[in-house]
Amino acid sequence: MVTSLKLLVVGGSGLLGYKVAELAVGEFETFATYNFRSVELQGCNFFKLNKCDRSATQALIKKIKPDVVIDTAALHNVDYCETHHDEAWKVNVEGTRNVADACKETSAKMIFVSTDYVFDGKKGFYNEKDAPNPLHFYAKTKLEGEKVVREAGIDYAIVRPSVIYGWNPSELAGLRSSSGKSMNFAIWILNELRKRKEIKIVTDQYSSPTLADNLAEALLALSKSQRKGVYHTAGKICIDRFNFAKKIAEIFDLNGGLIKPVTSDVFKQVAERPKRCCLDVSKAERELEVKFLTVEEGLMKMKAKMEH
Ligand SMILES: NC(=O)c1ccc[n+]([C@@H]2O[C@H](COP(=O)([O-])OP(=O)(O)OC[C@H]3O[C@@H](n4cnc5c(N)ncnc54)[C@H](OP(=O)(O)O)[C@@H]3O)[C@@H](O)[C@H]2O)c1
């Protein structure tokens, strides 16, 4: 049943944005944007938008007049952001400001997708009252994006997921996004194992892997509710990357023996990653009435979708 609510998904060609749009069609009057990757979805009107273009962002939001705007668009390749500060700031902060200001002009509610990386990973199992302390530039831009949204004088909510995984058509086609990523961690593991390649995965970076479809449910629950503020919306299980990769191999019947453990001090990455960024999702479960999935449940659901 289509409600009278109009929803605009900024970044609808992305893994998360596409899932949100897909789930929203039939329940909301759904609009979405893409930047580089043109995608199609029955029941959803897509528009090309670079959110760094302030006047184009304002014009589109004024034209659609959405009740709710979910901004999933970001440059989120952590190492790329570390070496391209201006570009990362332009998209993740100034682009977000353009969306927030346009929401103000049209009195739309804005839901901003942030990240668990706003935390330094020293404590783990973070709740919404814990103080952020970003370690790398990408996380700094996302935290600044949160501030922009909070201070824009709009009705808003901020969600913080952790390592988003899942499957969507553009990822399968291997199309490169303007976010700087061509595929998510789970798809990359599947591809490498299917090619029978040996891969090194870190054992000392913990997160709460979040199935994009599950996060989309939470975003739509927020869109329909009067709830505001920050919500941790992630998977139910705290797991290191190595064991997450092993779980992927197990669920998809691939050779987990090809996955070799390595620690962060050996496996050098450009930007330092927080060690324990797991999130406490109890507030979101209670207030949004969404059940967050374990890694096993999420991977089973992903597998079923891919086989469908
Ligand atoms: N992926 C993760 O593990 C993870 C974890 C925590 C939080 N997050 C946050 O979750 C959100 C969604 O992530 P995702 O994995 O779905 O990302 P994704 O698949 O890489 O999609 C990113 C989307 O942003 C769009 N985009 C990039 N630059 C843009 C710009 N300048 N103007 C307008 N659109 C632009 C892309 O458009 P095109 O594809 O058409 O170029 C795409 O639709 C992001 O805000 C990210 O910071 C991600």
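Is Cys52 buried, partly exposed or exposed? Cys52 comes out as partly exposed, because its relative accessible area is 21%. Here buried means under 20% relative accessible area, exposed means over 50%, and partly exposed is in between (1.4 Å probe, protein chains only).

## Ground rules

This is a predicted model, where local features need pLDDT of at least 70, side-chain atom pairs count only at pLDDT 80 or more, and totals for chains, interfaces and linings use all residues. Residues are numbered from 1 along each chain as its sequence is written, and side-chain values use heavy atoms, with hydrogens and water left out.

## The disulfide

The structure holds 1 disulfide, a term that stands for a pair of cysteine sulfur atoms within 2.5 Å. The partners are Cys238 and Cys278, with 2.0 Å between their sulfur atoms. The torsion about their S-S bond is about 65°, so the disulfide is right-handed.

As for where the two ends sit, Cys238 is in the loop between β11 (229-232) and β12 (239-240), while Cys278 is in the loop between β13 (259-262) and α10 (282-288), so the pair ties together parts that are 40 residues apart in sequence. Helices (H or I, at least four residues) and strands (E, at least two) are DSSP runs, numbered from the N terminus. Cys238 counts as partly exposed at 39% relative accessibility, whereas Cys278, at 3%, counts as buried.

Cys277 is in no disulfide either. For Cys277 the nearest cysteine sulfur belongs to Cys278, 7.7 Å away. Cys277 counts as buried, at 1% relative accessibility.

## Leu8 in strand β1

Leu8 belongs to strand β1 (residues 6-10) and is buried, with a relative accessible area of 0%. Setting aside neighbours within four places in sequence, the residues in contact with Leu8 (heavy atoms within 4.5 Å) include Phe31, Ile61, Ile64, Pro66 and Val68. Arg194 is 186 residues from Leu8 in sequence, and their C-alpha atoms are 36 Å apart in space.

## Helix α8

Helix α8 (residues 212-224) has 13 residues and reaches 19 Å from its first C-alpha to its last, close to the 18 Å expected at 1.5 Å a residue. That expected span is 1.5 Å times one less than the number of residues.

Of the 13 residues of α8, 11 are buried, so the helix is largely enclosed by the rest of the structure. Among them are Asp213, Asn214, Leu215, Leu219 and Ser223.
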